[in-house]
Amino acid sequence: MSKTRYKNQKESNEEIAKAYIENDYTNSQNKLLLVSKANYGKKSSNVCYSSVDDKGMNFYELNNNAEQNLMLIERYEWADFSSVTIDHSITKSAFTFVGHGENRDITIEVKGKEVEHVIRNHSSMEVNVVKSPVWTKVLGYRSQTSWKMFAASTIYTLILLFILNALLPASTHNFITGLSLFLFLLSIIGFLVGLIKPKWVLPKFKVKTRKRVLFSYLYLILSCLFIVGIFSDEESTSTPASTQVSSSQNSVTVASKKDGADSSKQKVEKNDSDNAVKEEKKQKAEEQAAKEEAKQKAEEQAAKEEAKQKAEEQAAKEEAKQKAEEQAAKEEAKQKAEEQAAKEEAKRKAQEQAAKEEAERKAQEQAAKEEAERKAQEQAAKEEAERKAQQQAASQQATTSSSTSNSGNYKPFENDPSDDQQSNMSCSGQIKGNKNSKIYHVPGGAYYDRTQDNIVWFCSEADAQAAGYRESQR
C-alpha cells in the first residue's frame with residue numbers, strides 16, 4: 001500500500017487496520033473473511049493484526065509513526081499445513097499449525113472460534129481442539145502455576161464476599177461470622193496436621209504434598225479472616241443505630257414518668273409502649289424468620305455441597321475406572337507387542353538355526369566332496385603308481401621273457417586280476433589266454449574281445465601251447 005492513511009481522532013487502531021486490510025484485498029483473488037489482533041510468535045513493540053481469507057492468513061504490523069502505517073510482514077497458506085491444534089481461552093486462542101516444514105504458533109485474540117470455523121470450512125487440515133475444564137481458562141488459572149492460582153483465588157474470593165455482603169440481609173451476618181470462625185479453627189488444625197501428614201487432610205487431591213497443604217489451607221484461613229472482617233464490620237455499623245433507638249426509647253420512658261399526671265401524655269406513653277411492644281415482637285419475628293431463612297440456606301448450601309461432593313466422587317471413580325481401563329489396554333497392547341516380539345525373535349532364531357544347519361550341511365557336503373576328490377586323487381595316484389609299477393614290471397618281464405625265449409625257458413605274462421588292461425604289455429594285441437579255462441584266443445576270434453578277466457598274454461601260439469593252453473574252437 002503506497003497510500004498513507006492519517007488517523008482520525010475518533011478512529012481506533014482496529015478500524016484503521018481493518019480499513020487498510022480491506023483496501024489491500026481490493027485487487028486480491030482471495031476473499032477476506034475477518035480481521036483480528038494476533039501474535040505470530042515474533043516479539044515486536046508494534047501491534048500486529050491478522051487477516052483471514054479462504055486460502056490462508058496474512059500478518060500485518062501497525063506502526064502509526066511510520067510512513068506506511070500498516071505493513072504486510074508474513075503470509076501462511078492453508079495448503080502448507082496438514083493439521084492444527086487449537087486451545088481456546090476466554091480472551092484469546094492459541095493455534096499450532098503442523099506442516100511439512102517448520103511448525104507455526106499463532107495467537108488470535110477474541111475471534112479464535114471464528115478462525116476455527118474458517119479453517120474447518122475452507123481447508124483440508126485435521127483440526128484438534130484442546131478440551132480442558134472451564135476453570136483452567138480463567139485468568140490466573142491458565143498457567144497452572146501454584147502461586148498464581150493462589151493469588152487469583154484470593155482476589156476472586158474477596159470480590160465474591162463483597163458482593164454477598166451487599167446481597168445478604170444483616171440478620172445473617174452473625175451466623176456467617178460464627179461459621180467462619182469455626183472453619184478458621186478447623187483450617188488451622190488441618191494446616192498443622194497437613195504439614196506432618198499431607199494425606200490426612202488432602203483426601204480428594206491427586207497430589208498430596210506439603211506445598212499443596214500450604215496453598216490450600218492458607219487460602220481457607222485467609223478466606224475465613226476475610227469473611228469475619230467484612231461481615232463483622234457491617235454488624236458494628238448497625239450497632240449504633242440500635243443503640244440510638246434504645247436510648248430514644250429510654251428518654252421517652254423517662255419523660256412519660258415525669259409527666260404521669262397529664263392524661264394526654266399518658267395516652268401517648270401508652271401508645272408508644274404498645275408500639276414498642278409491637279415493634280419488639282415484629283423485630284423478634286423478623287429475627288426468627290431471618291434465623292430460619294439462614295438455617296434453610298445453610299441446609300441448602302450443605303445439600304449442594306454434599307451433591308457436589310458426590311458428583312466429584314462419582315467423577316473421580318469414573319476417571320479412576322477410565323484410567324484403569326486405559327492402563328489395562330496399555331498393558332494388553334504391551335503384552336501383545338512382547339508376544340509379537342517373542343514370536344519374531346523365535347522365528348528369527350529358527351531362521352538362523354536353519355541357516356546354520358544349511359551352512360553346516362553345505363560345509364559337510366563340501367567336505368565330503370573334497371574328501372571324495374581327495375580319495376579320487378589318491379586312487380588316481382595309486383592307480384598311476386600301480387600302472388607305472390606294472391609298466392616297470394612288464395618291461396622287466398619282457399626283458400626276462402626275451403632272455404628266457406632266447407634261452408628256451410619262456411614264462412608268459414599274467415595280468416593282475418584287478419587290472420586287465422591291454423596297454424603297455426610286451427605281447428599286447430597278440431595271443432590272449434584265460435587262466436581259469438586254459439583256453440587261448442587269437443586276434444579276430446569270437447571270444448577274443450569278450451575275454452576281460454584272468455588274462456594271460458602269449459607272444460605266439462607255440463608259447464601258449466607250451467604253457468598247457470589249448471586253442472579256442474571259435
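Asp53 counts as buried, with a relative accessibility of 0%, where buried denotes under 20% relative accessible area, exposed over 50%, and partly exposed the range in between (1.4 Å probe, protein chains only). The structure is a predicted model, in which local features need pLDDT of at least 70 and side-chain atom pairs count only at pLDDT 80 or more, while totals for chains, interfaces and linings use all residues. Residues are numbered from 1 along each chain as its sequence is written, and side-chain values use heavy atoms, with hydrogens and water left out.

The side chain of Asp53 meets that of Arg75 in a salt bridge with an N to O distance of 3.0 Å; such a bridge is defined as a side-chain nitrogen of Lys or Arg within 4 Å of a carboxyl oxygen of Asp or Glu. This pair links distant parts of the chain, with Asp53 in strand S2 and Arg75 in strand S4 (residues 70-77), 22 residues apart. Arg75 is partly exposed, at 27% relative accessibility.

Strand S2 (residues 47-53) is largely enclosed by the rest of the structure, because 6 of its 7 residues are buried. Helices (H or I, at least four residues) and strands (E, at least two) are DSSP runs, numbered from the N terminus, and two strands are taken to pair if DSSP finds at least two bridges between them. S2 pairs in the antiparallel sense with strand S1 (residues 32-39) over 5 bridges, and Lys37 stands opposite Tyr49 of S2. Antiparallel pairing also joins S2 to strand S3 (residues 56-62), over 6 bridges. Val52 has Met57 in S3 as its bridge partner, and S2 and S3 form a hairpin with 2 residues between them.

In the whole structure, 15 salt bridges are found. Among them is that of Lys284 with Glu280, whose closest N and O atoms are 3.7 Å apart. These two residues lie 4 residues apart in helix H7 (residues 263-407) and are therefore separated by about one helical turn. Lys284 is exposed, at 52% relative accessible area, whereas Glu280 is partly exposed, at 42%. Helix H7 also holds Lys336 and Glu332, 4 residues apart, which form a salt bridge with closest N and O atoms 3.6 Å apart.

A nonpolar surface patch is formed by Phe175, Leu179, Phe182, Leu183, Leu186 and Ile189, with about 560 Å² of accessible area together. Leu183 belongs to helix H4 (residues 173-196) and is partly exposed, at 39% relative accessibility. Patches comprise residues with over 30% relative accessible area and no salt bridge, like charges being joined within 9 Å and nonpolar side chains (Val, Leu, Ile, Met, Phe, Trp, Tyr) within 5 Å. Accessible areas come from the Shrake-Rupley method with a 1.4 Å probe, and for residues only the protein chains shown count as cover.
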